Amino acid sequence: MFPHTNDARYPWKATDEVAHALTAGARAAGRLGEGQPDDGHPVVALESTVLTHGLPREPRSMSAKFMAAFPEWDPTIAANLAAAKCVESAVRSRGAVPATIALIDGCVCVGLAHNELAQLCANENAKKVSLRDMGSVIARSESGGTTVAATAAIAARAGISLFATGGIGGVHRGWSHSLDFSADLLAIATHRILVVSAGVKILLDLAATMEALESLGIPVIGYRTTSLPRFTVAPDPTLELSTHVRDASEAAGVVAAHWSVRPSSGALLMQPCPEAFVLPAQRTELALSHALAEATRQGVRGSATTPFLLARLADSGDGQEMLEANLALLFANAALAAEVASALRAP
Ligand code: PSU
Ligand code: MN
């Protein structure tokens, strides 16, 4: 059974390549008996809310600049599926195994076969599944995309310690009225996982999110940046990080040392959006102010807030650039996570 501690009433499923890599990895770590040599590859977990509640379900043509950077983009299939395939191939090309995590018909899936990925990307009824939602979706045999929080929880339980996403959730603007802060923060604080992102989603209260991360004891490691990456916008020089690294092996060193003292807690590695795709902060802020006002007018609350605001930004005048930036940073984070996963294996 997978994972071996699980209850048979609530099935988990891994793709063959993920199961193989995890079994070999566990053996190498001394958790299973000695036997064949460790021939497993490192594994990188990937979230799926970005597929079910973020990226378009229609095919999308991209700019010449984007196609030059990512020639494998397929403009003839659903954009969310095309994105998932590019993210997985970014992980594979760096020698790691991708494990896109989702709930499908109540089954906890760690890695999706192509047909499962295509079905999830096409499913308009897929739920947004965060920490609180997992039990209900599993018990009712429903399907959904897992948020950073839910993905981190499932990945850690499966024995995966690397996870790549776009931007993490955090403390929302207006938190003093709404007390809205993402379960992503709690999940990262309480699971053994390194989450690679392009920082905090720009729509949040970034300074308040930095304070929350510090209070929760979550290390935020800048990758070739000394200040906080802001998703599709350049890092904010006024929000200084406590530590930064120059390469994947240095990042692996910091997180391994973190786990030597706090083995059941997570960490964040943040790299800025690839320079060619960065959006100007002022234009994004302007679009965001309209989106936030509209959310207030419509009374959008709870788990609908983040997808609503991101969808409004995607519909703004900068929508295409925002989509391309979002994809470029997703691919870059997947590649970096795969590199750090390999570096963590190195003796
Ligand atoms: N990307 C999107 N839309 C989303 C998310 C990502 O385009 O909704 C998800 C991420 O999975 C992240 C979550 O973990 O939003 C945070 O939502 P909340 O603030 O409700 O916790
Ligand atoms: Mn929320």
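**Entry 1: Ala 19**

I started at Ala 19, which sits in helix α1, residues 16-28. A reminder to myself before going on: this is a predicted model. Is Ala 19 buried or exposed? I looked up its surroundings: Ala 19 has 20 C-beta neighbours inside 10 Å, so it counts as buried. I also checked Ala 19 against Gly 111: they are 92 residues apart in sequence, yet their C-alpha atoms are 8.9 Å apart in space.

**Entry 2**

I then picked Val 340 and ignored its neighbours within four places in sequence. What remains in contact with Val 340 is Leu 162, Leu 194, Val 196, Ala 248, Ala 251, Ala 252 and Leu 269.

**Entry 2: ligand 1**

How many residues surround ligand 1? I have 18 in my notes, and the closest are Thr 49, Gly 54, Val 148, Gly 169 and Ser 182. I sorted the shell by type and wrote down 6 nonpolar, 10 polar and 2 charged residues. For the helices, I noted that α2 (49-53), α7 (148-158), α9 (183-190) and α13 (305-315) each supply at least two residues of the shell.

**Entry 3: helix α9**

**Entry 4: strand β9**

Last stop was strand β9, residues 220-223. I recalled that side chains in a regular strand alternate between the two faces of the sheet. On one side of β9 I have Val 220 and Gly 222, on the other Ile 221 and Tyr 223; all are buried, and both faces are covered.

Then I went through the pairing. β9 runs parallel to β13 over 3 bridges, and Gly 222 stands opposite Met 270 in β13. β9 also pairs in the parallel sense with β12 (residues 243-245), over 3 bridges. Which residue of β12 is the bridge partner of Ile 221? I wrote down Thr 243.

Technical notes
Residues are numbered from 1 along each chain as its sequence is written. Chains are lettered from A and ligands numbered from 1 in the order in which they are written. This is a predicted model: local features need pLDDT of at least 70, side-chain atom pairs count only at pLDDT 80 or more; totals for chains, interfaces and linings use all residues. Two residues are in contact if their C-beta atoms, placed from the backbone, lie within 7 Å. A residue is near a molecule or strand if its C-beta atom, placed from the backbone, lies within 6 Å of it. Helices (H or I, at least four residues) and strands (E, at least two) are DSSP runs, numbered from the N terminus. Ala, Val, Leu, Ile, Met, Phe, Trp, Tyr, Cys and Pro count as nonpolar, Asp, Glu, Lys and Arg as charged, and the others, Gly among them, as polar. A residue is buried if 20 or more other C-beta atoms lie within 10 Å of its own, exposed if 12 or fewer, and partly exposed in between; C-beta atoms are placed from the backbone. Two strands pair if DSSP finds at least two bridges between them.
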